[in-house]
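Please look at the sequence and the structure before reading on.

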Amino acid sequence: MLNVPENSIAEACAPGCISVRGAREHNLRNLSVDIPRGRFVVVTGVSGSGKSTLAFDLLFAEGQRRFLDSMSAYARQFVEAMARPDVDLIAGLPPTVSIEQSTTRGGGKSTVATVTEIHHFLRLLFARIGTQYCPECRIPVAAQSRDELVASLKAAARDRGELTLLAPLIRNRKGFHSEIADWARQHGFRELRADGKWYATDRPFRLDRFKEHDVEVVVGTLNAKPESSTPPIAPGDPRLLVERALEVGKGVMQALDRHGTVTVHSTERACPQCRRSFGPLDPKNFSYNSSQGWCPKCRGFGELFHIPDVERGANGDAIEENWWRWSEGQRESCPECGGARLRPEARAVRLPGATPSARRPDQPGPTVDDLARLTVDQAAQWAESLTLSGRNAEIARDILPEIRERLRFLGDVGLGYLQLGRGVTTLSGGEGQRIRLAAQLGSNLSGVLYVLDEPTIGLHSRDNDQLLAALGRLRGRGNSLVVVEHDEATMRQADYIIDLG
């Protein structure tokens with residue numbers, strides 16, 4: 001932008017407006033215009049008249065450039081500098097959000113439910129009130145006695161050989177965790193296992209502060225013959241070892257064999273039939289982006305594709321995303337999870353209430369995969385009809401309204417037919433734009449300039465009315481809307497029209 005004397009800025013700008021003076025970007029020819037803030041403004045005109053240039057290349061681009069300029073010099077070094085648009089002056093510009101006519105941002109693990117944050121709240125709901133089922137036996141897990149657990153570990157030692165008993169202390173938490181070694185040494189433990197590596201407790205211990213870590217303390221070893229147990233803390237039978245591991249691990253312990261296989265054991269959660277134990281539920285168990293949750297075969301993509309067998313380092317996630325994109329047309333559904341993206345243990349957890357599907361009416365309560373297969377409209381009916389009682393109702397009190405609101409926003413923008421588990425990269429440009437619009441409806445922001453590109457393309461007239469009502473709610477919160485549009489109904493709803501060309 002050219003320098004404008006400060007004493008002339010006030011004269012050049014209209015109060016309560018976004019004022020543009022002398023715009024020459026692309027095919028604009030010295031355009032000056034005042035756009036009222038807090039209003040629904042439609043920019044229309046013939047093809048090539050500069051509608052998108054005004055909305056996106058001037059208003060949105062300048063808003064983004066000013067946001068980057070407001071960042072510290074340290075932060076700016078990590079982002080690409082944005083050029084100033086060719087215009088004399090843009091004044092009165094609020095923070096900007098662009099909702100363009102393009103496929104919504106997101107990678108191979110992004111779904112309709114994740115980009116609208118519905119899945120985030122579902123993960124929380126499943127982790128807090130879900131009932132764990134054994135994925136093999138299809139029956140609910142239950143508590144088991146310590147004697148039963150000791151017996152199962154002895155049997156495992158006979159089958160797998162010597163077992164190292166571990167008590168988990170840290171699960172998927174960032175930090176140095178240096179204090180863990182101090183605590184373990186003071187309590188008589190000689191060795192730790194962190195992220196699969198072994199550390200002596202009498203040596204300096206410091207992990208990467210910015211990575212998530214798993215840390216276990218080594219309690220002792222269990223051999224096939226009980227009398228050959230070798231605890232590092234005090235001699236005794238296997239029951240004492242198990243008792244100590246459960247005490248330190250707060251009811252959960254792990255058994256590691258010489259082949260590197262780790263199994264989880266618990267007195268609180270075990271299958272009554274096969275005696276397999278399960279750890280406590282965590283929201284990350286239902287995340288496509290966490291090793292705790294993703295299917296080990298497809299790592300949360302739901303599809304198999306070729307990745308070179310090379311060391312990927314800290315950029316492993318980005319490298320996987322790139323290879324996923326490059327393999328378009330050559331990917332196949334994951335045979336392990338059937339495209340559900342999650343581990344069998346997560347897919348076996350069920351919520352209270354009726355299953356909202358006739359696919360498996362004999363099963364009690366929906367799984368996360370059952371909900372992912374529902375359309376937005378079906379999921380909204382399920383969420384509205386779900387009734388909980390007692391402690392479950394207290395836990396879900398603040399979670400269910402968030403799910404219901406986001407489902408309603410998706411319905412308001414005419415996307416009630418989309419499945420929650422549908423990948424966002426399969427959406428059309430118009431669907432992607434309305435997905436992002438629905439996400440903004442749930443953000444509760446005010447004082448923002450929203451720039452949209454023909455949001456009514458491909459909509460039925462009924463859905464068009466719903467979309468316009470949603471835009472009206474955004475405006476009602478004190479936001480400004482600039483919409484590039486040709487639709488007559490949209491123009492009739494506008495507070496202000498700018499006709500170019």
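Which residues does Arg-123 touch, not counting residues up to four places away in sequence? Arg-123 touches Pro-283, Lys-284, Phe-286 and Ser-287, where contact means heavy atoms within 4.5 Å. The model is predicted, so local features need pLDDT of at least 70 and side-chain atom pairs count only at pLDDT 80 or more, while totals for chains, interfaces and linings use all residues. Residues are numbered from 1 along each chain as its sequence is written, and side-chain values use heavy atoms, with hydrogens and water left out.

Arg-123 sits in helix H5, residues 118–129. Helices here are DSSP runs of H or I with at least four residues, strands are runs of E with at least two, and both are numbered from the N terminus. With a relative accessible area of 17%, Arg-123 is buried; buried means under 20% relative accessible area, exposed over 50%, and partly exposed in between, using a 1.4 Å probe and protein chains only. Asp-282 is 159 residues away from Arg-123 along the chain, yet 8.3 Å separates their C-alpha atoms.

**The five-stranded sheet**

Five strands form an open sheet in the order S5-S14-S15-S3-S16, and their pairing is parallel. Two strands pair if DSSP finds at least two bridges between them. At the edges are strand S5 (96–99) and strand S16 (496–500), each of which pairs on one side only. On average, neighbouring strands of this sheet are turned by 20° against each other, direction ignored. Strand S14 (residues 449–453) runs parallel to S5 and is joined to S5 by four bridges; Leu-449 in S14 stands opposite Thr-96.

Helix H2 (residues 51–69) lies across strand S3 (40–45), S5, S14, strand S15 (480–484) and S16, and runs at about 135° to S5. For such angles, axes are lines fitted to C-alpha atoms, for helices over the stretch in contact, and values run from 0 to 180 degrees between N-to-C directions.

**The second largest pocket**

The second largest pocket holds about 550 Å³ of space. On a 1 Å grid over the protein atoms alone, where a 1.4 Å probe is used, a pocket is an open set of points with protein on both sides within 12 Å along at least five of seven lines, and lining residues have an atom within 4 Å of a point. The volume is the space filled by probe spheres set on the points.

Its lining has 25 residues, and those nearest the centre are Gly-339, Arg-341, Gly-421, Arg-422 and Gly-423. Helix H9 (316–326) and helix H11 (368–372) each supply at least two lining residues, and the largest share, three residues, comes from H11.

**The chain as a whole**

The protein chain has 17 helices and 16 strands. Its C-alpha atoms fill a box of roughly 90 × 55 × 45 Å, taken along the principal axes. Of the 501 residues, 48% are buried. Among contacts between residues at least 6 apart in sequence, 69% join residues at least 24 apart.
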